[in-house]
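Hello,

Here is the structure for you to look over.

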Amino acid sequence: MSPIRRSADRASGAAARPARARRRAVGAALVAAALLGSAACGPDGGGKAAPPPDGQAAATGAAPGGGGVIGGLTLPSGLPSGLLDGLPKTWDDLKKWKFEDWDNWANQHVFNNPVVKDFWNPDKMGDSKPADPAPPTTPPAGDSGASDPEPPVVKASPVARPYTKQPSGKVFFSAEGGRGNCSATVIADPAHPGKSNLVWTAGHCVHQGKGGGFYKDLVFVPAYNNSGASSGGKKAPLDQLAPLGTWWADKVVPSPQWTAEGGGTGDSASQYDFAVMRVHNQNGGGKSLEETVGSAVPVWFDAPRESLSVAAWGYPLFKPFDGQELYKCDGGKPSRLSFDAKRPSMLTIGCDMTQGSSGGGWFAKMPDGRTALVSNTSIGTEEHTSLSGPYLETVAKQALEYISKK
């Protein structure tokens, strides 16, 4: 049985439930256990967008004394509730936010990531592993036209070396349960053309989600393992793993939906599972990330689904992959997946990439011939047959515009 089905399988009740339980987050290496992790699940389903908690709900949502285990990682209890402050009364109101509203929200969700020079070495990068998140708690939306049958699986193909002059790389971070990694993309900065220091990835690669906080020691490594020095289980020095340097994040803007609702499972929060980071080279220097890499892609918001042909890129880690090679899946026209019909349906393509590919960019050609980012890997299936990423529209555009101007 395919992991996500509509119509007949959905109507079959108990027979459909095991299939629904197979879609999950793919790859923030420790997606279920952040520095301020939480065992709280995502919002209720039923095809209705869950509004942000008010002050009282936020306080109870922290579940003092709660905690739990997700993906084999023990989560702390007694979590703070202030991370939900500054949210709008409804998610529709979020689309009307101006710069000042984003700034107010960001000031109440402070990202603190002091540089620890030479913290990231080959051993720490090598032992960062994906955790296995819990199954989804929310089934896909009903027969509302928001979800399509799962597409045929596409076999990932290796990207030719060298990896320099292309925008992909890896994100590494620390969490209470250990160290983790994801994939990410250098994107163009509207306010600083040709000199971008911005990186796009998944929200679950930078922030725990509901009841939690930001990861620590968050860095971006462009062109990771460019020469193949660490391929095949070989040990390699840092200058071979990170030929273009280690870039520390100094500001991160995930979607407010992810910080309020996200967790270790695939659900309606995954429909807003994205984040933008601003980074700098820990060794200084006058060149921007874009100038150093030689590439940055624009983000194409509200891209026309019907005419898209997308390719997902990333560094998958679970077998048969090892996290040392950059792969891509040419998925063609994406289908749709939705857990909440009032939110933009996710893009879905057939792809056999595994954990570690989370956050990796999804690329498509714009009418002018330029390659643009249209999504990022968020969730996939247990059988590694397909990947899904958020459809980037108004909220994503606002997040980029805010961090670009800040």
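The largest pocket holds about 340 Å³ of space. A pocket here is an open set of points on a 1 Å grid over the protein atoms alone, where a 1.4 Å probe fits, with protein on both sides within 12 Å along at least five of seven lines; lining residues have an atom within 4 Å of a point. Volume is the space filled by probe spheres set on the points, which are joined across faces, edges and corners.

This is a predicted model: local features need pLDDT of at least 70, side-chain atom pairs pLDDT 80 or more, while totals for chains, interfaces and linings use all residues. Numbering starts from 1 along each chain as its sequence is written, and side-chain values use heavy atoms, without hydrogens or water.

Eighteen residues line the pocket; Pro122, Met125, Gly126, Tyr224 and Gln324 lie nearest its centre. Helix H6 (residues 122-126) supplies the largest share, four residues. Helices are DSSP runs of H or I, at least four residues; strands are runs of E, at least two.

The largest nonpolar core has 68 residues. Such a core joins buried Ala, Val, Leu, Ile, Met, Phe, Trp, Tyr and Cys through side-chain atoms within 4.5 Å. Buried means under 20% relative accessible area (1.4 Å probe, protein chains only). Trp102, Ile187 and Trp200 are among the residues with the most contacts inside this core. Helix H10 (residues 394-405) gives the most to it, six residues. A second, separate core of 20 residues includes Trp300 and Tyr391.

Ser386 sits in strand S18 (residues 386-389). Ser386 counts as buried because its relative accessibility is 1%. Its side chain makes a polar contact (N or O atoms within 3.5 Å, one able to donate a hydrogen and the other to accept it; sequence neighbours count only if both atoms are side-chain atoms) with the side chain of Glu150, at 3.0 Å.

Best wishes

Technical notes: Buried < 20%, exposed > 50% of the residue type's maximum accessible area, 1.4 Å probe, protein only.
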